[in-house]
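Dear colleague,

I am passing the structure on to you with this email, and my notes on its salt bridges follow below it.

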Amino acid sequence: MNAAQKTRVLIAEDDPVLRHLLQFTLDRAGMDVTAVADGQLAWDTIQSNEKFDVLVTDHEMPILSGLELIGRVVETSPISVIVLCTAKGFEIDPDKIVERPGLVSLVSKPFSPKQLVSIIEEQLAKNATE
């Protein structure tokens, strides 16, 4: 990706307030953001041949969960940074989830949207040097 291209981000989040906040924050950080309300809509968007650099997905969503979406993406799409956001906190083992192929970061809700920007930028920079 050259410097003139914006980082393309797909957000899958069923909470409309959080979805809007994430989209606003990532837009302000200079990213090109598409936001959808569930995992199935995210999958449909990816299947329509849209290319994304980053996927930010909620863990629990109707129709297709974040983990199910990540499983599909890892098998078929060249998205290089995947962030799973969860409100589950201590109910899930973060080490086991982060070990999943393709998953870069696990973020527990509530979190700072600026923290998400930092995670994305760090992972993109790391991938660029690999």
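A salt bridge is taken here as a side-chain nitrogen of Lys or Arg within 4 Å of a carboxyl oxygen of Asp or Glu. Please keep in mind that this is a predicted model, in which local features need pLDDT of at least 70 and side-chain atom pairs count only at pLDDT 80 or more, while totals for chains, interfaces and linings use all residues. Residues are numbered from 1 along each chain as its sequence is written, and side-chain values use heavy atoms, with hydrogens and water left out.

The structure holds two salt bridges. In one of them, the side chains of glutamate 50 and arginine 8 meet at 3.0 Å, N to O. That pair links distant parts of the chain, 42 residues apart, with glutamate 50 in the loop between helix H2 (39-47) and strand E3 (54-58) and arginine 8 in strand E1 (helices, H or I with at least four residues, and strands, E with at least two, are DSSP runs numbered from the N terminus).

Aspartate 32 also forms a salt bridge with arginine 8, again at 3.0 Å, N to O. Here strand E2 (residues 32-36), which holds aspartate 32, is linked to strand E1 (residues 8-12), which holds arginine 8, across a separation of 24 residues.

As for accessibility, arginine 8 is partly exposed at 21% relative accessible area (buried means under 20%, exposed over 50%, partly exposed in between, with a 1.4 Å probe and protein chains only). Glutamate 50 is partly exposed at 31%, and aspartate 32 is partly exposed at 31%.

Best regards
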